[in-house]
Amino acid sequence: MIEDDQKQPKKAVDEPGAKQAAEADAVDQPRAQRRCDDQAKETRCKLHSFNWLADIPGGYADSEYVEVTFKNTRKGYYKNSTHLPLEIGDMVAVEASPGHDIGMITMTGALAEMRMKKATRCGCDGKRGRREQRDQAEEVKRVFRLARPGDLERYEEAKAKENDTMIRSRRIAADLGLNMKIGDVEYQGDGNKAIFYYIADERVDFRQLIKVLADAFKVRIEMKQIGARQEAGRIGGIGPCGRPLCCSQWMSNFVSVATSAARYQDISLNPQKLAGQCAKLKCCLNFEVDAYVEASKRVPSKEERLETADSTYYHFKTDIFKREITYSTDKNIAANLVTISADRAFEIISMNKKGEKPLTLKPDGDEKPREKAAFGDILGDDDLTRFDNKKKKKRKKPKAQAQKADSDQAALPGAKPASEQRPKKKKKKNTNPDSGEKPQAPKSPKE
């Protein structure tokens with residue numbers, strides 16, 4: 001028995017591929033325990049990225065860096081030094097200070113490394129983001145392991161305390177007389193640290209608050225200030241388009257929005273219409289601005305003037321996607337508007353540079369009669385400008401004017417006298433006995 005027991009481990013070690021088979025069995029375990037399927041609808045588990053480098057052959061897309069997402073769009077980049085078989089959506093335990101944290105893998109491979117370098121270089125998250133990314137670039141933390149069932153249990157217990165902790169911390173801040181609002185609380189995966197997200201219009205001295213919170217909750221306290229956009233994304237709501245807010249549904253990166261995005265799209269610079277529920281410029285202004293910028297390169301500049309033989313035309317408006325420009329003879333108001341294509345505008349500009357002036361803006365023979373609709377638009381219901389011109393109400397003529405008009409008509413040659421004119425028919429009175437009305441007696445000549 002002793003010899004068999006001693007031989008059995010040697011056999012397992014000497015057997016080729018035994019170690020690889022054991023690792024494969026560990027990898028093939030159900031990943032449902034390590035994935036946050038029940039959290040995929042929450043803010044902390046937004047999977048909005050696509051790894052477009054994953055299918056490149058030859059190992060060019062391989063990298064040991066991974067991107068891990070936590071609550072409130074907090075991200076971190078970690079090094080997979082133990083070469084674990086990680087996939088997007090796995091819950092992992094990563095290094096933290098102190099202890100460890102639990103997060104979700106949102107990107108792997110070379111694309112995660114490219115994002116880490118870009119975040120370190122540009123610091124897209126503001127001054128705090130630059131400081132954090134710079135510190136992270138100096139020392140990249142490690143991925144410990146795939147989250148175990150025990151890690152997930154402690155993680156869920158810590159999550160369950162976040163709401164009560166936020167309510168208590170708001171009361172403590174109000175008792176201390178601090179002009180701030182604690183918007184959210186995030187516990188670390190092991191429960192040893194809590195991050196308090198707050199909003200404040202001015203600088204707040206929360207040193208006393210940290211001491212009170214540490215004594216009340218017995219954890220390490222970290223304060224992070226967030227903006228109005230992060231607060232709106234956390235609370236959620238319905239936008240003016242009738243759909244849920246993008247920042248609460250799928251967005252996790254807040255990019256700065258400038259008023260130039262509205263100018264490129266020819267949107268009225270009305271602050272009430274451009275601002276969202278966070279009182280900042282709407283994030284959707286950046287969604288189509290790139291298409292407008294590219295399309296604007298295919299039309300002439302607004303400062304270009306077109307010289308013709310009869311007048312000088314100034315830019316009035318542009319339809320970028322139809323590539324049609326409308327010009328006016330007056331620089332300030334709409335006068336003698338003429339709409340031409342962008343190619344015709346470029347042609348006239350080149351002629352003006354050579355010292356030539358065309359007779360008109362439109363090319364010869366370009367004016368075509370308006371084609372009628374196939375269904376025969378009799379009332380003009382398909383015309384968009386049918387409500388622009390207000391209809392004039394017909395006024396009733398007073399009696400004096402009517403009598404004067406009758407006298408003028410009688411004075412005209414060939415007009416019939418009033419005696420020869422056809423008398424008007426009088427309405428017949430109702431004499432039906434079934435109607436219930438009594439017929440009136442005829443009036444006597446004396447009356």
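## Burial and the Tyr292 pair

A residue is called buried when its relative accessible area is under 20%, and exposed when that value is over 50%. The structure described here is a predicted model. At 17% relative accessibility, tyrosine 292 therefore counts as buried, whereas phenylalanine 321 counts as exposed because its relative accessibility is 52%.

## Aromatic pairs

Across the whole structure, 5 aromatic pairs are found. One of them joins phenylalanine 70 and tyrosine 78: the ring centres are 6.4 Å apart and the planes meet at 80°, so the arrangement is edge-to-face. Both phenylalanine 70 and tyrosine 78 are buried. Tyrosine 292 and phenylalanine 321 also form an edge-to-face pair, with 4.9 Å from centre to centre and 75° between the planes. This pair links distant parts of the chain, since its members are 29 residues apart. Tyrosine 292 belongs to helix H12 (residues 289-296), while phenylalanine 321 is in the loop between S10 and S11.

## Charges over rings

In a second case, lysine 161 lies over the face of tyrosine 187, at 4.9 Å from the ring centre.

Strand S11 (residues 324-328) is mostly covered, with 4 of its 5 residues buried. Strand S10 (residues 312-319) runs antiparallel to S11 and is joined to it by 5 bridges; within this pairing, tyrosine 314 stands opposite serine 328. The hairpin formed by S10 and S11 has 4 residues between the strands, and arginine 323 in this hairpin takes a positive phi near 60°.

Strand S11 is also joined to strand S12 (residues 338-341), here by 4 bridges and again in antiparallel orientation. Isoleucine 325 stands opposite isoleucine 340 of S12.

## Nonpolar cores

The largest nonpolar core comprises 20 residues, and those with the most contacts inside it are Met180, Ile182, Phe196, Leu209, Leu213 and Met223. At least two residues of this core come from each of helix H6 (162-175), strand S6 (181-187), strand S7 (193-199), helix H7 (207-217) and strand S8 (220-225). When neighbours within four places in sequence are left aside, leucine 209 is in contact with Ile172, Ala173, Leu176, Leu178, Met180 and Met223.

Another core, of 12 residues, lies apart from the largest one. Among its members are Leu306, Ile325, Val338 and Ile349.

Technical notes: Residues are numbered from 1 along each chain as its sequence is written. This is a predicted model: local features need pLDDT of at least 70, side-chain atom pairs count only at pLDDT 80 or more; totals for chains, interfaces and linings use all residues. Side-chain values use heavy atoms; hydrogens and water are left out. Buried means under 20% relative accessible area, exposed over 50%, partly exposed in between (1.4 Å probe, protein chains only). Two strands pair if DSSP finds at least two bridges between them. Rings of Phe, Tyr and Trp (its six-membered ring) pair if their centres lie within 6.5 Å; planes under 30 degrees apart count as stacked, over 60 as edge-to-face and the rest as tilted. A charge sits over a ring if NZ of Lys or CZ of Arg is within 6 Å of the ring centre and within 35 degrees of the ring normal. A nonpolar core is a set of buried Ala, Val, Leu, Ile, Met, Phe, Trp, Tyr and Cys residues joined through side-chain atoms within 4.5 Å. Contact means heavy atoms within 4.5 Å.
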